[in-house]
Amino acid sequence: MADLDFLIDITQRISELGRKNRNIPLINEVKPLKHYFSDDGKLKYDEIDDDDEGFSRREILARYLLVNVVLDQGPDIIGVRMLLRDVTTNLYEKGIKIFHNPLDFFKELDISINEILTRHESIKDIRAEEWAMKNNSTEQKYNLFFAQSNRGIVSTKQVLDYSIHRWGVPLSLFLLLEKDYKTKQPLIDYLESWESAEIMAQQLKDHERYGLGSAIGDKACHLFAKMYINIFNLVKNKRDNPGWSGISYEIPFDSNAGRVLFRTGFLLKLATLEDYENWEVIQKGEGKGGANYIRVTNIRGKKTDIISQESEDFIDYREIITKYLKIGMKPKSVEIQRIPNFLIYKLNKSTNYNYSIADFDDGLIYIGTNYCFNHENPNCDLCPLQNICKAHNEDEGLIKKYTT
Ligand code: SF4
């Protein structure tokens, strides 16, 4: 199979899996927000702009999702979601309405921190065993608190650092936007002031006044775009704008995605092992037990020559850059992290499926968390990708010698 055909085929399979196995934060289980949803868990869109104590429901949902993605940089997506759900519910029961009155979180910091600590312990009791099994680790190492270091994100024990840096920074953004915008939906108005979801995602981290800086990673910024646009369909003012569509932001590359894309051979169609080593996407001997470590976030900005500049395909790639991501006019090269946008765009042109980056990302999360575990014995026998997976069919070393 030609390289591009393989990439399109696997992209479609993964996107289909993503559609059928959505990865959704547990907002409909958060007690104070439950009335936003019907009994079957569906968001009541006809009420989404209704007033809820001074803000629209859309605004409160966007705030919750932003805190969710900031927290979701630790090792266990399910545990993180439970933590946010339970802490939010308990704080609201005590009258500390952190998404309606973010200042409450700081005013009652002792209560906020106690809740975070207590709920973390209960979630550890529920989640640690399964997490340890899937990650070849021990239950004692289960920890959702994390901090920034020179090596990137690391586990931390200090709840004050975690609470202020991860909960406090986005809550402070909501406060600042309230002061500056004075509308019922300051966060929505700010987000949608940008030309595209990709630019919005970049500004979430980098903007001089409103950027969250080191409190948020590139992955989390793009995860927010995915939640905002595709999973919860919160776009208000830019609904028919291609810059706010399902292919208008880059994939939130995380370790699950990186592991699956590496083992299946997807990434190796775009560059060689040597390239990845030179770019420090693969760091020799830096992984668990001396394995090679795959640091997928280092892929950002790296080039591939799979699309020649003279080809029709390059015209499609340029369309992605100019019309959807809106990050330039004349791309001179092709960047690897934008290849999924290009592949989905091509798929959508030739089918009626209208896939999105969210479909593809949810498919990768599904495979990465249910089959392609981060250890030497993933569940290849039951994996839906086994018949096209390079590691399974041709090179077991891609599993045994690499870790994320
Ligand atoms: S077949 Fe095995 S290595 Fe390949 S994606 Fe599935 S679980 Fe991972």
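Helix 9 has 14 residues, which at 1.5 Å a residue should span 20 Å, and the distance of 19 Å between its end C-alpha atoms agrees with this. The expected span is taken as 1.5 Å times one less than the number of residues, and helices (H or I, at least four residues) and strands (E, at least two) are DSSP runs numbered from the N terminus. The model is a predicted one, in which local features need pLDDT of at least 70 and side-chain atom pairs count only at pLDDT 80 or more, while totals for chains, interfaces and linings use all residues. Residues are numbered from 1 along each chain as its sequence is written, and side-chain values use heavy atoms, with hydrogens and water left out.

Helix 9 is largely enclosed by the rest of the structure, because 12 of its 14 residues are buried. Buried here means under 20% relative accessible area (1.4 Å probe, protein chains only). The buried residues of helix 9 include K219, H222, F224, K226, Y228 and I231. K226 also belongs to a network of salt bridges that links it with R19, R22, D359, D361 and D362.

The structure holds 34 salt bridges, a salt bridge being a side-chain nitrogen of Lys or Arg within 4 Å of a carboxyl oxygen of Asp or Glu. One of them pairs R300 with E250, at 2.4 Å from N to O. This pair links distant parts of the chain, 50 residues apart: R300 lies in the loop between strand 6 (292-294) and strand 7 (303-304), and E250 in the loop between helix 9 (218-231) and helix 10 (255-264). Both R300 and E250 are buried.

A salt bridge also joins R127 and D76, whose closest N and O atoms are 3.0 Å apart. Here too distant parts of the chain are linked, with R127 in helix 5 (residues 109-134) and D76 in the loop between helix 2 (57-71) and helix 3 (77-93), 51 residues apart. R127 and D76 are both buried. In the salt bridge between E335 and R338, the closest N and O atoms are 3.5 Å apart, and both residues are buried.

The ligand is surrounded by R263, T264, Y371, C372, P378, C380, C383, Q386, C389, H392 and I399, each with a heavy atom within 4 Å of the ligand. Of the residues in this shell, seven are nonpolar, three polar and one charged.

Key
Nonpolar A, V, L, I, M, F, W, Y, C, P; charged D, E, K, R; others polar. Buried < 20%, exposed > 50% of the residue type's maximum accessible area, 1.4 Å probe, protein only.
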